[in-house]
Structure formats: structure tokens, C-alpha cells
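Please open the model in your viewer and keep the selection panel at hand. The stops below say what to select next and what is there.

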Amino acid sequence: MKVVLIGVGQAGGKVTQALAEFDYNMGFNAVRGALAVNSARADLQNLELDTTLIGQDRVKGHGVGGDNELGAQIMQENATEVLDNMDGRITTEAEAVVVVAGLGGGTGSGGAPMLVRELKRIYEMPVYTLGILPGDDEGGLYQANAGRSLKTAIRESDSVILVDNDAWRGAGDSVAQGYERINDAIAQRIGLLLAAGEAVEGVGESVVDSSEIINTLRSGGISAVGYAAADASENAEENVNTITSVTRNAMLTSMSLPNATDAESALLVIAGDPERLSRKGVERARRWVEDETGSMEVRGGDFPLGSDKIAALVVLSGVERSDRVDKFIEKAKLAAKSQGNDTDPDEYSSDDLDSLM
């Protein structure tokens, strides 16, 4: 699936770089262009990709200080400049645009939904948001920002692929190690998803293509991605249980949104050496995903990859009623009240939940 990435804000820029590097190192060639956008000059300086500084007349390159309303305003005022810098990147080859942002900060949480709106106004292709929720240990401002940003991003995007900042952080990680682990996990999972149909080694029996990814995400709302891998036997028949096992692990223990299992639609991609992949195992795993999600719209296929391991990538779409989202929205509501916001959001989709626009 050929995409263009636009990272907004500090976290968005770092994750975009990690995704672009993963795609390049793996030789997938799914990422056809990447740009980082920020209102803070310092956050752009260490990135090894093209960058655009916005809001210089407002904040003089110093960022918005966590004010996502200001972040949205600055993006609205500078959207033309950002889109001009995308010229030559969003070509007829591109099949989707992915806007990447941390939903807790100011520029990312405010600017990303506004940029998505502008992109959808101009382009016919799907525009997705890859959004990162703040962790439980981050402050109330970030929780309140993310609640407002999430509602707005869901409304504006074709789908919001959500990543919980606490999902893959190790218990003993420092702050820097935690973010590095999260960025690597996002790059691996989303990178493999985008690469589906762009395999460079081998020929699978039923290769997933970009249309199946787009159709899985078509239901909109919130999506989540899980991944797991295990050593494979050289004999395909001996890998039937391995394929089922890694699928279970991907969905039950390694989702980007923990405990998200009910879904409107799903996609299962089994990656590995085509000679080691069992058709029986793939079909059994797909049926298990159907039973676990309660969805009759579960797509599946192989991703040929030169490896002595077998990996499962699971994409769930329409998971907004998960326990994690409910708990997060409750925290966002309390944080908004503590910030002096009198709104009383009952759920992410409620009209009572403050929108950024």
C-alpha cells in the first residue's frame, strides 16, 4: 500500500521518521514521501526527513505550549504552505495519506485533525490518522487534549489507527527508552501493514493487497493493530498450530489498543517464508479471528517474507467501544474539568464532548 506520511508535532515527527526508516531498511518501498510539521523549531532539527516550520508569526518557533486550540488555529492558517510542500510527494501512485501525531501535545493534537480536514477537501484518496494516546502517568493537560483531539480526528479521518502509549512500554524503561520502544513497535506493525501487497521476496498463495486494507478500514471510527511472531518449522504442516498461536498472541496480548477484541471488520496477515506457511493454518486462524471479534467481515492472506519466523499482523476496525477507550474518555472528561472546562462528555462520540473545531 503506497502511502505518504505527514508527522505533526514532536511525537508525530519521530514516529514518521521511524516508519520511513523501517520501510527503507526492509526494502518495501511503501512509503512514497514523508514530511514533518511542527511549530517548535527545536523538535525539527534532529529529524532526518523534510520538515516544515509553521506558526512563526505567532509563536516564533517556540511551540504552542500544549495549547491545542492554538495548534489547530496555526495549522488552519498555514495549511496552504504545508500542502504546497507536499507537491511532488502526493502523486497518482499514492493510495492513501497517513497523518501521524501524538494526541496529547499542542501542535500534534490540534494541528493533525485540521490538516486531515484540508487533505480530504483536496484529495479523493483515504486520509488516515495514526494517533498516539498519552500514557496514564502523563498530566491532565495531555489527557484533556487527547480527548478533544480524538473526537475531532474520528470525525475528520477515514479511520483513526490508535496506539496506547502504555501498550508496549516496558516496566523498567526510562522515559527515553519507553518512547524508543513504542516508536519501534509502531514502525514494525504499521510498516508491515503498509507493506502488504508490496512484498519483494517469494509469491504467496493469497497475498493481501491495498484494497483489502482500505476496505477493512472503511468502516471508520477507531482501529487497532496487533503483532506477534514465533520460530517456524521448515515443514509447513508443522506450522498450523504456530500460525494459530501467533494470531492469538497478536490479538490478545499485543494490540496497540489493549483489550480491543470486538470489531466491525478485521484483517489478518500471516507473514513468512511461503514454503513454511500452511494454508490450513491461515484459514483456521482467520476463523478464530471471526469468532473472537464477532465480525463476519474478516479478510486474510499471506505476506511473503524471507524469514525463519512466522508472524501475524491483526488489524481491527470499529473498536471504539473497547474498555480502554471508555476508561480513557473518562480520564479525559475529569482532566477537562480540572482544566476549567465545564463540558461533561459521556463518551467519545457525544456532542457534549468539546471539539477542536
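Begin by selecting Gln10, Lys14, Gln17, Ala18, Glu21, Ala42, Asp43, Asn46, Leu47, Glu180, Asn183 and Asp184, which line the second largest pocket. A pocket here is an open set of points on a 1 Å grid over the protein atoms alone, where a 1.4 Å probe fits, with protein on both sides within 12 Å along at least five of seven lines, and lining residues have an atom within 4 Å of a point. This is a predicted model, in which local features need pLDDT of at least 70 and side-chain atom pairs count only at pLDDT 80 or more, while totals for chains, interfaces and linings use all residues. Residues are numbered from 1 along each chain as its sequence is written, and side-chain values use heavy atoms, with hydrogens and water left out.

Colour helix 1 (residues 9-26) next, since this helix supplies 5 residues, the largest share of that lining; helices (H or I, at least four residues) and strands (E, at least two) are DSSP runs numbered from the N terminus.

Now move to the largest pocket, where Gln10, Ala11, Gly102, Gly105 and Tyr142 lie nearest the centre among 33 lining residues. Helix 1 again gives the most, with 6 residues.

Finally, select strand 1 (residues 3-8), of which 6 of 6 residues are buried, meaning under 20% relative accessible area with a 1.4 Å probe and protein chains only. Strand 1 runs parallel to strand 2 (residues 31-38), joined by 6 bridges, and strands count as paired if DSSP finds at least two bridges between them. Within this pair, Val8 stands opposite Val37.

Technical notes. Buried means under 20% relative accessible area, exposed over 50%, partly exposed in between (1.4 Å probe, protein chains only). A crossover is right-handed if, with the strands pointing away from the viewer, the path from the first strand over the helix to the second runs clockwise.
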